[in-house]
Number of protein chains: 2
Amino acid sequence: MKEDKKYIKLCFKLAAISRGYVSPNPLVGAVIVKKNRIIGIGYFRRYGDKHAEIRAIEDAGDDVKDSTLYVNLEPHSYYSNNPPCTDAIIKSGIKRVVISNIDPNPKVNGNGIKILRENNIEVEVGVLEKEGEKLNEFYFHYIRTGKPFVILKFAQTLDGFIADLNYNSKWISSESSRKFVQKLRSYVDAIAVGSKTILKDNPYLTVRNFYKPKQPLKVIFDEELETIKYMDKLNVFKEGKIIIFTKSNENYHFQNVEIIKINSIEEALIELGKRKIISLLVEGGSKLLSGFFENQLFNKIYAFISPKVFGKGLNPFENTKGSFEEKIDLYKIKRIENDILAIYYKKC
Amino acid sequence: MKEDKKYIKLCFKLAAISRGYVSPNPLVGAVIVKKNRIIGIGYFRRYGDKHAEIRAIEDAGDDVKDSTLYVNLEPHSYYSNNPPCTDAIIKSGIKRVVISNIDPNPKVNGNGIKILRENNIEVEVGVLEKEGEKLNEFYFHYIRTGKPFVILKFAQTLDGFIADLNYNSKWISSESSRKFVQKLRSYVDAIAVGSKTILKDNPYLTVRNFYKPKQPLKVIFDEELETIKYMDKLNVFKEGKIIIFTKSNENYHFQNVEIIKINSIEEALIELGKRKIISLLVEGGSKLLSGFFENQLFNKIYAFISPKVFGKGLNPFENTKGSFEEKIDLYKIKRIENDILAIYYKKC
């Protein structure tokens, strides 16, 4: 059992290498062990690429017979853009498979395990199950709800301001914190901001400093389609695909810009889900963060707290109907230079 | 050298036992070592009590000759309510003394060390000097400035509110965080709050749950002497000594309540210093915290950040003239249940 956990942990590490590369597929790592020695490893590198199990079997080569396969997610059992992994496992002569999570995808959902067992392979499920769920939290949430996993991110002063009275929100957090945000961006499928943030900060909303084969989709919540007026001057429109969610009935046609009318944030999430966006990073401003918070349409919060003090300004959830009731749980705190990064999950 | 640090660390531990008991004197621990074995320990237990060095020498008994004395603060060399420790050390036959900090008290300030050396005792100074300074930060600050070491303490929601719009500030932080505040109170000489906090929260401002031979002085900043009107109903007036700082010219005479007219917070600190208050915990509200912050009249901040969200309310440094410049350094972060405790020092 202790050995099983050790190898499943290695699967997690291998799987995590591809964070941000595999969406809408899950992160998967695989390790093959024979007589207490690793004989092969593999991980799912990119969407459309070979599966982790196959890579590990190939890596093990002729030694694979009678070995144990460790993999964090149930092997798939149907023809996708890859043939069923279950077939390859059975053919290889592997005699035991240890799995962290059942794949909730209705096309698998226990079927992979069933097929393996029917072929006399010993299968163990649920090793470090919770850690496996966390690793693939984007995927699990998306498969279960059809909507992207939503992360709210903001940087605030110690006294709770994400911008000063002139809406200056730049440089609230340290350079290292801002670099961390670049990493976060490289993990997600889409980044959302409100129109005011676009007009005030003129951000690019791209991943720099971190390798990302496909830039995240840019999402703008713009009730009155105000950003359209200043399109020429706004960096966000310079490259990449953009979706604008609006309440306006006006319609425009631009290359790479899709304008979608919505009545609620939930509708926007459903639209993103339809487009196979499994994760969304909401970077502000206050109005947009408040909308997601108030409607409880989020999964996780990344709050950067800088040692600055403004005295007055804009709070992150300005005018949200707050309460003494806690709607979030502190998950982790991390020091980044002089900043605190506090990570919360929505209370279940 | 490594051994020296080990024993000085033990001195710190012994000294810290008396946190909150010795003011306005410093915390002192002493360890006597002979041929790599501890033969005596001592710590300064209470204001007016025997000094740490004397206790350690007594504990070592006849073995003390030719030993090494470790002590975090330079032994004193003058007649106070105790005879000079230097005399006892010389008389004991101790041959080496290792010290963390020179005592900045003008009556000592290197004189203790000089006397020991003149008597052929080998003296080493500055071992873990910075840690020693932190241990006695109240004392060092007071000796150097004549004013108490000021700690600003507040509990806020994640979005930066210390009270909701109805000024309800109770139960923002968890029970464990509030217990931690009780401990903080037990360490200081005085606790200050503004009149509004008194009128809204009706606090006792006492140390419960933690042993404290002498309750801290209660300090109220009350410009218009409003609290006086409701004296009968206010818990703060039920027991213990109170100082009220006011701008009002009115005068009242009550037992245990001293009313002092001031023109600035700094004047209040000078008045407290005169009364041998070496540490002051400022517990709010917003106006008082802002006053201390804006005038940079503080040394340390304890910010408790709860996972609650209010959307609107009162910020801790409401209307302070803030800036993008950082005036504080993050010292430590600590998780207390679902709360974050962030400890800052004023930037030097």
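This is a predicted model: local features need pLDDT of at least 70, side-chain atom pairs count only at pLDDT 80 or more; totals for chains, interfaces and linings use all residues.
A residue counts as buried when its relative accessible area is under 20%, and G284(B), at 1%, is therefore buried.

- G284(B) sits in the loop that runs between strand 11 (279-282) and helix 11 (286-294) of chain B, and, once its neighbours within four places in sequence are set aside, its contacts are K153(B), A192(B), V193(B), G194(B), T197(B) and L289(B).
- Between G284(B) and L10(B) there are 274 residues of separation in sequence and 36 Å in space, taken from C-alpha to C-alpha.
- T157(B) belongs to the loop between strand 6 (149-156) and helix 7 (175-187) of chain B, and with a relative accessible area of 0% this residue is buried.
- Apart from neighbours within four places in sequence, the residues in contact with T157(B) are I172(B), I305(B), S306(B), K308(B), V309(B) and F310(B).

**The open sheet of chain B**

- In chain B, five strands make up an open sheet with mixed pairing, and their order is 2-1-3-4-5.
- The edges of this sheet are strand 2 (37-43) and strand 5 (122-125) of chain B, each of which has a single partner strand, so that one side of each is left without a neighbour in the sheet; from one strand to the next, the twist averages 15°.
- Strand 4 (residues 96-101) and strand 5 of chain B run parallel and are joined by four bridges, and within this pairing R96(B) has E122(B) of strand 5 as its bridge partner.
- Helix 4 (residues 111-118) of chain B packs on the sheet, where it touches strand 4 and strand 5 of chain B, and its direction makes about 150° with that of strand 5 of chain B.

**The open sheet of chain A**

- Chain A has an open sheet of five strands in the order 2-1-3-4-5, again with mixed pairing.
- Strand 2 (37-43) and strand 5 (122-125) of chain A each have a single partner strand and stand at the edges, so one side of each lacks a neighbour in the sheet, while the twist from one strand to the next averages 15°.
- Five bridges pair strand 3 (residues 68-73) with strand 4 (residues 96-101) of chain A in the parallel sense, and the bridge partner of V71(A) in strand 4 of chain A is I99(A).
- Helix 1 (residues 2-16) of chain A packs on the sheet and touches strand 1 (29-34), strand 2, strand 3, strand 4 and strand 5 of chain A, its direction making about 145° with that of strand 1 of chain A.

- L158(B), V309(B) and F324(B) together supply 20% of the area that chain B buries against chain A, which is more than any other three residues.
- Two salt bridges are counted between chain B and chain A, and a salt bridge is formed by the side chains of K308(A) and E326(B), at 3.3 Å from N to O.
- Across this interface, 20 residue pairs are in polar contact, with both residues at pLDDT 80 or more.

Methods
Residues are numbered from 1 along each chain as its sequence is written. Chains are lettered from A and ligands numbered from 1 in the order in which they are written. Side-chain values use heavy atoms; hydrogens and water are left out. Helices (H or I, at least four residues) and strands (E, at least two) are DSSP runs, numbered from the N terminus. Buried means under 20% relative accessible area, exposed over 50%, partly exposed in between (1.4 Å probe, protein chains only). Contact means heavy atoms within 4.5 Å. Two strands pair if DSSP finds at least two bridges between them. Axes are lines fitted to C-alpha atoms, for helices over the stretch in contact, and angles run from 0 to 180 degrees between N-to-C directions. Buried area is the accessible area (1.4 Å probe) that two parts lose on being put together, summed over both. A salt bridge is a side-chain nitrogen of Lys or Arg within 4 Å of a carboxyl oxygen of Asp or Glu. A polar contact is a pair of N or O atoms within 3.5 Å; within protein, one must be able to donate a hydrogen and the other to accept it, and residues adjacent in sequence count only if both atoms are side-chain atoms.
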